[in-house]
Amino acid sequence: MPDLLLELFSEEIPARMQRKAADDLKSLVTNALVDAGLTYEGAKALATPRRLALHVAGIPVGSAATREERKGPRVGAPEKAVEGFLRGAGLASVGEATIQSDPKKGDFYVAVIEKPGRSAIDIVAEFMPGILRNFPWPKSMRWGTTSTRWVRPLHSIVATFGPETEEPDVVPFEFDGIRSGKTTRGHRFLADEAFDVRRFNDYATSLEKHKVVLDADRRKEIILNDAKDRALALGLELVEDPGLLEEVAGLVEWPVVLAGTFDEDFLSIPDECIQLTIRVNQKCFVLKDPKTGRLANRFVLVSNVVADDGGKMIVAGNEKVIRARLSDARFFWDTDLKSKLSDNLPKLAEVKFHEKLGSVGERVNRLIALSAELAQVAGADETKARRAAELAKADLVSAMVFEFPELQGLMGRYYAEAQGEDASVATAIEEHYKPQGPSDSVPSDPVAVAVALAEKLDLLAGFWAIDEKPTGSKDPYALRRAALGVIRIVLENNLRIRLGEVILSAAKLHSVELDDPATLVGDLLGFFGDRLKVHLKDEGARHDLIDAVFALEGQDDLLMVVKRVEALGAFISSDDGTNLLAGYKRAVNILKAEEKKDGAPVNGKPHADHFREQAEIDLASAIETARAEAADAVAAEDFEGAMEALSKLRVPVDRFFEDILVNAEDPALRMNRLQLLAEIRDATHVVADFSKVAG
């Protein structure tokens, strides 16, 4: 079957836009094909700095003819209804419609719409100009005197269609003066000549001959392998950087890896500062000495040309720029070391954190108080926790962090170590932002744990207090991430913390007047519950079990919630748990029906002298025993034991429903049996709200 080849050749496309643009082109074209009745076997989109390319394989030569019967209004319907039907069906008059009779509903107009098949070339030629005109670039530009908008000036369009065994045809269309054809160009500097292409295979091969590697992933592979080889030849190791690798692969069509050097004196700067300086300014990779684990004074760069001098001039140019930028970094480092972190604290009062939540200085004061409260929970020294919280934000006004905001926290640790602060304090300054994502590590040092929790709980309580909560997909203050961070810190460090009490403390530290503190705490705890579901989803925990535990009052100890959920999950998956759940559901359904009928809840304890059957007596006794044992087990935080206690209800509950008629004719007997069902419900609620459990 025929294949479609498209190439949009332009000036350099920004690296960050290339992959999405290629995916957008693929989606737009394939959707248009399907909408036109053309299937396809597969599609692949590719991008280089100067071109977007798309190959769609296995397209039929044309669309099939179609016949559609569209039912319209009744004969004799209002004129406007008939006109709307004719307009929608593309008919000039009712004479072009047929009339069909329905024995029950009468006569209706019916339009028979027949569409002849069309050639695939004509279909593609028709939809391509619209796709290009409305292409979803994040940013686009006009050039010359035309109204065309594209990410960068567009030079040519390749569009061919045909089977592998024949010469393909050009898909004829025009986009603002640029006519489609079969001619493209090679590398701007190494092979800048025009050449014709036919289909994808010879297109990719011809580009390679003209010094263009079409596949970005292959360019990445070439860069990574060559960079590792360069490092190995120098007795060093490449410091891999996936983000930089993706960016650099979008800057070159023919990657050439070279190695350069910088003055060894610059190694007195922290490694992270060196790496970030070289990465940001020159898009180069750094190398490290495997013996020491520290950076070496070498770097790897990626050129887009094969230079006659082997790249010496290119390397020298990069070395010159890197030398200048590292000189700046050393100046920032030396300048920051001349003063203590505590000297920066007055400046934080001048930095606004949020219009309604005050300055960063005010936030530091809140963190000090909250970290002191959390120190006991985390097992940290309160004095060290206070000191770490006091200095946690001091590096924000340092010269190095002003230049490279990504280094906040890390530079604070370096400065704290240099001025002789306690090791735990220095660690907490760096790690109090952690974890910043699902793959980030969690603080484990007690002081760092206390300050990290304070950082996130202050953030959450503050924005809840001013009603700036996440909505839909919008979360500008990363509050979901903060809540997940609290959850991970608590669970991975096995911390016992009454979250509601700490949230209330954090909220009261803000200068915002709280209308209803209890509602704020409850709402924020619900938010934590939702985040906990997300966190436990990958671990196989059922969200309904989390709801069942959270439905009980006072469930703000996350560690105990998880333990309850785990025990409940194991219980529900057992035969005893499954059968007890079924009995519980049956009891609750009967209670709901009767309570609705009577208009009042079933209250009170059943009377022993109203029992008529042994099954009633046995169930009442089993409930009393199970409830007491489950309550004792919960008090001892033995949730497996609590579930085991409830499992003893399975047999008497099953027997009760087999032997007993709940809705007896005697009103007193009926109420007594309903009260016994209510006892089943209340007994299980010692452990969890079983009504929230699915199944």
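Okay, hi everyone. Before anything else, keep in mind that this model is predicted.

Let's start with helix H21, residues 575–598, and helix H25, residues 667–684. Their axes come within 9 Å, and they cross at roughly 130 degrees. That angle makes H21 oblique to H25. As for handedness, the crossing of H21 and H25 is left-handed. Who's touching whom? On the H21 side the contact includes Tyr 584, Ala 587, Val 588 and Leu 591, and on the H25 side it includes Arg 670, Leu 674, Leu 677 and Arg 681. If you sort the residues of this H21–H25 contact by type, you get 9 nonpolar, 1 polar and 5 charged.

Now the second pair: helix H18, residues 517–537, and helix H19, residues 543–550. Here the axes come within 10 Å and the crossing is roughly 150 degrees. Angles over 145 degrees count as roughly antiparallel, so that's the label H18 and H19 get. Their crossing is right-handed. H18 brings Leu 525, Gly 529, Leu 532, Lys 533 and Leu 536 to the contact, while H19 brings His 543, Ile 546, Asp 547 and Phe 550. By type, that contact of H18 with H19 splits into 5 nonpolar, 2 polar and 2 charged.

Okay, on to the inside. The largest nonpolar core has 145 residues. Which residues have the most contacts inside it? Those are Met 400, Leu 457, Phe 528 and Leu 568. Helix H15, residues 446–465, gives this core its largest share, with 15 residues. Let's zoom in on Leu 457. Skipping neighbours within four places in sequence, Leu 457 is in contact with Leu 370, Leu 374, Val 486, Leu 499, Val 502, Ile 503, Ala 506 and Phe 528.

Last stop: Val 239. You'll find Val 239 in the loop between strand E13, 237–238, and helix H6, 242–249. So, is Val 239 buried or exposed? Its relative accessibility is 19%, and the cut-off for buried is under 20%, so Val 239 counts as buried. Again leaving out neighbours within four places in sequence, Val 239 is in contact with Gln 275, Phe 285, Val 286, Leu 287, Lys 288 and Leu 295. For some scale, Val 239 and Glu 355 are 116 residues apart in sequence, and their C-alpha atoms are 41 Å apart in space.

That's it from me, thanks!

Conventions: Residues numbered from 1 in each chain as written. Predicted model: local features only at pLDDT ≥ 70, side-chain atom pairs only at ≥ 80, totals over all residues. Heavy atoms only, no water. Axes fitted to C-alpha atoms, helices over the stretch in contact; angles between N-to-C directions. Helix = DSSP H or I, 4+ residues; strand = E, 2+ residues; numbered from the N terminus. Parallel < 35°, antiparallel > 145°, perpendicular 65-115°, else oblique. Left-handed = near helix turned anticlockwise from the far one by under 90°. Contact = heavy atoms within 4.5 Å. Nonpolar A, V, L, I, M, F, W, Y, C, P; charged D, E, K, R; others polar. Core = buried A, V, L, I, M, F, W, Y, C linked by side-chain atoms within 4.5 Å. Buried < 20%, exposed > 50% of the residue type's maximum accessible area, 1.4 Å probe, protein only.
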